[in-house]
Amino acid sequence: MAGIGIDAPGTTELFIGNEAIARGALEAGIGFAAAYPGTPSTEIMESLASVAKKMNFYAEWSVNEKVALESAAGASFAGIRAIAAMKQNGVSVASDFLANIVMSGIGAGLVLVCCDDPSAISSSNEQDTRNIAKWLDIPLLEPGTFQEAKDMTKWAFDLAEELDTICMIRSVTRIAHARGNVKLGELPRKEHKAHFDNICPVAPTLTKFIPYPSAWLHQQLHVKLDKAREVFESSPFNWYTGPEEAELLIITCGSCWLYSLEAVKTLNLESKVGILKLGTIWPLPQKLIEKHLSKSSKILVVEEIDPFLEGSIKEMITDLPPASPHPTFYGKHSGHINAYGELNPNMVIEATARIMDITYESRPAEYSKKAAEIPFTYMPMRIMTFCPGCPHRATFWAIKNALRLDGRDGFVTGDIGCYSMAIGPAGFFQERTMYCMGAGAGVANGLGKLAQFGFNQPVLAVCGDSTFFHATIPALINGVYNHSNFTLVILDNSATAMTGFQPHPGTGITAMGETTRVVDIEDLCHSLGVQVDVCDPFDLENATATLLKALAENGGPRVVIMRRECELVRARREKKPPYKIHVDPDKCLGEACGCNRLCTSAFSCPGLIWDKDAGKAKIDEVICAGCGICADICPQGAIVKEAV
Amino acid sequence: MKTLTKDPLNLIIAGVGGQGNVMISLLIGKAFVRQGYFVTIGETYGASQRSGSVMSHLRISRESQYSPFIPNGRADIILGMEPVETLRILQQFGNSNVITITNSRLVYAVGMEYPSLDKVAEAIKGLSARLWLIDATAEAAKLGDPVFANMILIGTLIGSGILPLNRESIELSLQESSPKEKLNANMLAFNKGMELVNRG
C-alpha cells in the first residue's frame with residue numbers, strides 16, 4: 001500500500017488506527033502537524049511526516065508535547081488547520097496550555113489526538129484522558145473502528161471550527177496499533193494562507209487569543225459545550241443495535257464496542273441484549289442516552305479504563321424527574337468489569353454471561369484439561385531485555401561496577417525510555433526509581449540536597465538523549481542553581497529509540513527529513529558551567545573509571561554522556577556486524593571457572609546461550625549482533641571477537 | 001477462489017520480538033483485503049518487541065470488522081515462528097480443531113532453563129488437530145539467510161490450502177512492500193515452504 005497519502009478515493013486500505021487518524025487529518029486539509037513520539041501514538045506523526053513535503057504541509061517532531069500543542073495552536077491562530085498528537089502522559093505535559101486555550105477560541109480547526117495505553121503496556125501509568133476532556137470542558141470523540149478513526153478525525157476539524165474551541169480525539173492501543181479496513185475519501189486541494197488576525201471585534205485592545213476576562217470566557221465555554229451536546233444528539237457516530245425491549249442494554253465506546261458485539265454474538269444473545277455505541281464522549285448526548293435507558297432495566301457499561309461513562313451517566317440520571325427509569329447498573333462499580341487494565345472480548349463475554357445467568361465454555365473441557373496439564377517448564381517466560389548489541393547493557397554494566405567500587409551504596413534514579421528496562425535484569429536492577437520524563441534528574445535534585453540530614457549515598461540520574469531535551473534540562477538547571485549533588489548520565493544513542501528511532505534536536509535532522517542545526521548536549525551543559533565527560537560505553541574500562549571519578553566529586557551536578565548509536569540504527573545502516581563472535585571451547589571452563597556463568601547468568605545478552613550438553617557458553621549466531629562486549633567481560637578471555 | 005472455512009477465521013502468528021510477526025500479518029492481511037474481506041490485525045506492541053513473546057491476531061471475515069483480540073480457545077490456525085511460543089499460544093487459544101504450522105527452531109529465553117524440542121513438539125502435537133513442524137530456519141540458512149524462515153512458513157501456510165489465498169495473492173502483497181531486488185529471493189523461499197507441505 002502506498003501509505004496514507006494515496007490519492008484513490010473509494011479504495012480500501014489496511015491501516016493501523018494511527019494511520020487512519022493521520023489520513024483523516026489529510027482529508028480535513030491540515031496545514032500543520034506537531035507531536036512528540038510516545039507509544040501508542042507515534043505513527044500518527046510518522047505517517048504524516050512521511051507525506052508532508054509531497055503534500056505541501058508542515059510536520060514536526062517537537063521537543064515535547066506542550067510545545068507540540070502550542071505550535072499547533074500557533075498555526076490554528078493564523079488560520080491553518082492543525083493537529084497535535086501524543087500519548088496519555090504527553091497530555092499531562094501539555095495540560096497547562098490546554099487548560100488555558102479552552103478559555104479562548106481558536107483560529108482554524110485545532111485537534112488534539114491522545115492515545116491512551118490501558119494496562120500501561122508501553123507506559124508508566126494508565127491514565128484515562130477522557131477525564132481531562134471533562135475536567136477542562138473539551139468536546140471529545142472516541143472511534144470504535146479504524147474507519148471511524150479516519151472519519152471522526154476529519155469531522156473533528158469541522159466541529160472545532162463550528163464550536164470555536166479545540167476538540168479532542170481519544171484513541172486506545174487496540175485502535176491506535178491494531179489494523180483494519182479503511183475506505184479512503186477525497187483529499188482536498190487548497191492553498192493554505194496564513195495570517196494572524198490582530199483585532200478582536202468586541203475589545204480592540206485584546207485579541208481573540210488572550211483568555212481574559214476568564215470567568216466570562218468560562219461561561220462562554222459552557223455555551224459552546226451545550227452546542228456540542230446538541231450536535232452530538234444526532235451524530236452518526238452514536239447508534240443502537242438490538243431489540244426494542246432488551247433484557248440487558250450494553251453502553252460502550254471505543255475498542256470496547258467490538259468486544260461487546262463479539263460477546264453478544266458468541267453468547268447468541270442478539271435478540272435479548274442491545275448495544276448503545278457512543279462515539280461522542282464529552283459532553284454526553286443526554287437525550288439520546290435517556291431514550292435508550294428506557295429500553296432495559298439492566299445496564300452494563302463497558303469501557304476502558306476509568307468508569308467515565310458509568311459515572312457520567314449516573315450523574316445525569318440524578319437530574320432526571322423521579323418518574324424516569326432508574327435501571328440497575330453493572331460495570332466497574334459492581335465489579336463486573338475491571339476498573340483498571342485493558343479489556344478484551346473474554347472479559348465482556350464473562351460479564352455478560354454472569355448478568356444473563358448463562359454458562360459459557362470457550363472450548364471443550366477435555367481440551368482445556370489437556371492444555372492445563374502442560375508443564376510450566378515447557379514454556380519459559382521471556383523477560384524484557386535490551387536488544388543484542390544495545391549500548392545500554394554496557395552502560396549499566398559500567399554503572400553497576402562503578403557503584404560497587406565506590407562502595408557508598410550509591411544508586412540510580414531514572415525515567416522513561418529503553419533504559420527503563422534497567423529496573424529489571426536487563427540492566428542488572430540498577431534503576432531504583434522510575435517515573436515520568438525527566439523525573440530521574442528531578443528526583444536526584446532533592447536527593448542531592450540531603451547532606452544536612454546525614455545522606456551520603458552517591459546519586460546517579462539517567463536519561464536518554466531525547467528525554468534530555470524533553471524534560472531534563474530544567475532539572476539540570478535547577479541542580480546548578482541550587483547546587484544539588486548528583487551525577488547526570490545521559491545515555492546518548494542518537495535517537496528516540498524506544499518509539500522507533502525518531503530524530504530529535506540532537507540529531508541534526510527534522511521530522512520531514514531535512515538537515516538542521518544540531519543542538520549539542522555538551523555545549524549546552526558547558527554553557528551552564530557543568531563539567532562534562534563523554535565516554536563510549538563499549539569501552540567498559542574507561543566508562544567505569546569516568547563514572548567513578550564523577551561519583552567521587554562533590555558539589556553541583558556533573559554530566560557523563562555515554563555515547564554510542566542505537567544498535568538497531570547502526571545495523572540498519574551498515575547491514576553487517578562489526579565482529580564475528582565465538583566461544584573458544586578450550587578456554588571456557590564452564591561451571592569449573594568460578595565466574596558463576598557470568599556471561600549467561602549476569603551479563604545476559606540474548607546472543608549468549610548456555611550449552612547444557614557441553615557445559616559451556618555458546619553464541620547464538622542468529623541472534624548475536626557482533627558488538628563484542630561479552631569478549632571484554634569473560635574472565636578467561638574465552639569469548640573471541642574477530643573483525644568482520 | 002475458495003472461501004473461508006469459518007467466519008470469522010481466526011489466525012494467530014506467534015513468535016519472539018524481532019522475528020517478523022508484523023511483516024507476516026501484513027502480507028497475509030493485505031492479500032485478504034485485496035479480495036474484499038474485512039481484516040483486523042492485533043499486534044503485541046511496546047517493550048515485548050525487544051526479544052519478548054509476541055503474537056499477532058488476524059481476524060478475517062466477509063461480513064464485518066472484528067476486534068483485534070481472538071477470544072481464548074477460539075483460534076482456527078496458529079502459525080508459529082518458534083515452538084515454545086507456539087505452545088504458549090495453543091495453551092491459551094487452541095481447541096480441538098486448531099491447525100498448527102510451526103518452525104522447530106528454538107529461540108532461547110534469556111536466563112531460563114529451556115525445554116528440549118522433543119518435549120515441546122510432543123505437547124504441540126497433542127494440542128493440534130493437524131500439525132506441520134518445519135525446520136524453517138535451517139531451510140532458510142540453506143537459501144543464504146535465516147531471515148527467509150518467515151517466507152518459508154508463509155509458503156507452507158498457503159501450500160497447505162487452509163486459506164483461500166494462493167501464491168499470486170502473496171506475491172502481489174510482497175510487490176507492494178518489499179524492494180524489487182528482494183522479491184525473487186523471497187518468492188524462492190515461499191516456494192520452498194510450499195514444497196515442505198508434503199513433508200510436514
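What distance separates the centres of domain 1 of chain A and domain 3 of chain A, taken over C-alpha atoms? The separation is 33 Å. This is a predicted model.

**Domains**
- Chain A is split into domain 1 (12-233), domain 2 (239-356), domain 3 (391-573) and domain 4 (576-643).

**Contact between domain 1 and domain 3**
- Domain 1 of chain A contributes 16 residues to the contact, and domain 3 of chain A contributes 17 residues.
- On the side of domain 1 of chain A that touches domain 3 of chain A, helix H2 (42-52) and strand E3 (58-61) each provide at least two residues.
- H2(A) gives the largest share of that side of domain 1, namely four residues.
- By residue class, the side of domain 1 of chain A that touches domain 3 of chain A has eight nonpolar, six polar and two charged residues.

**Thr129(A)**
- Thr129(A) counts as buried because 31 C-beta neighbours lie inside 10 Å, where the cut-off for buried is 20 or more.
- Apart from neighbours within four places in sequence, Thr129(A) has contacts with Gln88(A), Val91(A), Cys114(A), Asp116(A) and Arg170(A).

Key. Residues are numbered from 1 along each chain as its sequence is written. Chains are lettered from A and ligands numbered from 1 in the order in which they are written. This is a predicted model: local features need pLDDT of at least 70, side-chain atom pairs count only at pLDDT 80 or more; totals for chains, interfaces and linings use all residues. A residue is buried if 20 or more other C-beta atoms lie within 10 Å of its own, exposed if 12 or fewer, and partly exposed in between; C-beta atoms are placed from the backbone. Two residues are in contact if their C-beta atoms, placed from the backbone, lie within 7 Å. Domain bounds come from an automatic or database domain assignment. Ala, Val, Leu, Ile, Met, Phe, Trp, Tyr, Cys and Pro count as nonpolar, Asp, Glu, Lys and Arg as charged, and the others, Gly among them, as polar.
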